[in-house]
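Here is a short walk through one structure, taken a piece at a time. Have the sequence and the model open as you read.

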Amino acid sequence: MREIKVEDAVGHVLCHDMTQIIPGEFKGARFRKGHVVAPEDVPVLLSMGKRSVYVWEMAPGMVHENDAALQLCRLAEGAGCTHGEDIKEGKIELKAAHDGCFRVRSERLLEVNSVEQVMIATRHGNTAVRAGDKLAGMRVIPLVIEQAVLDEAAAAAGPDPLCEVVPYKLRSVGIVTTGSEVAAGLIEDKFTPVVERKLAAFGIECVAHELPGDDIDDVAAAIRRVRERGVDLVVCTGGMSVDPDDNTPGAIRRAGAEMVTYGAPVLPGAMLFVGYFDDGTPVLGLPGCVMFAGATIFDLVLPRVAAGVRLTRADIVAYGDGGLCLGCPECHYPICPFGN
């Protein structure tokens, strides 16, 4: 930082806000810290009583904070992401270009943020976003930064963008509602409407519905029938606990699905079943808590499932960090760390 005459400040970066006072009209920062002095700014600064200013010298190899923020933005901006032209005080934001599942390459993001003097902050990954939602913000810490530091951040990010929004791809679901009491009409099916409502929020419509009871062969046959309708997703409700007559997991496997996991480190929702058929069609076995709890494991996995992202056991295991619902008297999902 050094003090120079206003007339010599063109092209240099201001170190402090410059306040302008026009009696009865205006009082505030006429030029913000980080502003690059332009030729037309000189008479304004002089009219403000400034004869000298403190500036950062833009030596070769140094980058202004606004230009640096754009470089960081390019590291983060993947498919389905967009940014505006407005860079305010060295910060720039990434937003969703369309509805979808927001994905973050978390390990690479950690590497980038481990580089001193740069930062990229994102919302939680693997969550549902709408067009226009804020996804990430980035800036460098100083007013000017060495290009070598930005190059180090780029190397840490790797060749692929850190963020993306995957559009929802699944459009139809077949629901198999287990339970002999439901099949016999002894109790009302209150599970299916909950599932339909949650799926509809992602543009997924129920086109096939079966109530086969509890027999494992009957449930497997019902799963095959809904698959014959060409659905994008199969959901089985109930029968997921460890009781001897809970046959849903076995029926799903008998219908030809390969199990990814039976069980998740999430409460509520520990008895989730995730599997896939040979053609890639996902199948979920939902525990009973989905019927009455505000947010469960179903809400956590649904954005990725709806976007056609194939889940692995490692994906499910990772939900354990933050996988405990606090049971608030009023559910705040999705504005809640459990579901966001």
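This is a predicted model: local features need pLDDT of at least 70, side-chain atom pairs count only at pLDDT 80 or more; totals for chains, interfaces and linings use all residues.

E18 and E19 pair in the antiparallel sense, with four bridges between them; helices (H or I, at least four residues) and strands (E, at least two) are DSSP runs, numbered from the N terminus, and two strands pair if DSSP finds at least two bridges between them. On the other pairing, E19 and strand E20 (residues 282-286) also run antiparallel, joined by four bridges.

Residues are numbered from 1 along each chain as its sequence is written, and side-chain values use heavy atoms, with hydrogens and water left out.

Which way do the side chains of E19 point? Phe273 and Gly275 go one way, Val274 and Tyr276 go the other, and all are buried (under 20% relative accessible area; exposed is over 50%, partly exposed in between, with a 1.4 Å probe and protein chains only).

## Two aromatic pairs

Searching the whole structure turns up two aromatic pairs. Rings of Phe, Tyr and Trp (its six-membered ring) pair if their centres lie within 6.5 Å; planes under 30 degrees apart count as stacked, over 60 as edge-to-face and the rest as tilted. Tyr168 and Phe202 have ring centres 5.1 Å apart and planes at 75 degrees, so they make an edge-to-face pair. This pair links distant parts of the chain, 34 residues apart: Tyr168 sits in the loop between strand E14 (163-166) and strand E15 (172-178), and Phe202 in the loop between helix H6 (191-200) and strand E16 (205-213). Tyr168 is buried at 13% relative accessibility, and Phe202 is buried at 12%.

The other pair is Tyr262 with Phe273: centres 6.2 Å apart and planes at 50 degrees, so it counts as tilted. Tyr262 belongs to strand E18 (residues 258-262) and Phe273 to strand E19 (residues 273-276), so the pair ties together parts 11 residues apart in sequence. Tyr262 is partly exposed at 30%, whereas Phe273 is buried at 0%.

## Arginines

Arg227 lies over the face of Phe277, 4.0 Å from the ring centre, and Arg30 lies over the face of Phe31 at 4.7 Å. For this, NZ of Lys or CZ of Arg has to be within 6 Å of the ring centre and within 35 degrees of the ring normal.

Arg304 is in helix H10 (residues 297-306) and is buried, with a relative accessible area of 3%. Leaving out residues up to four places away in sequence, Arg304 touches Cys101, Arg103, Asn126, Val309, Leu311, Asp315 and Tyr319 (heavy atoms within 4.5 Å).

## A three-stranded open sheet

Three strands form an open sheet in the order E1-E5-E2, with antiparallel pairing. At the edges are strand E1 (2-5) and strand E2 (13-14), each pairing on one side only. E2 and strand E5 (residues 52-56) share two bridges, and Leu14 has Val55 as its bridge partner in E5.
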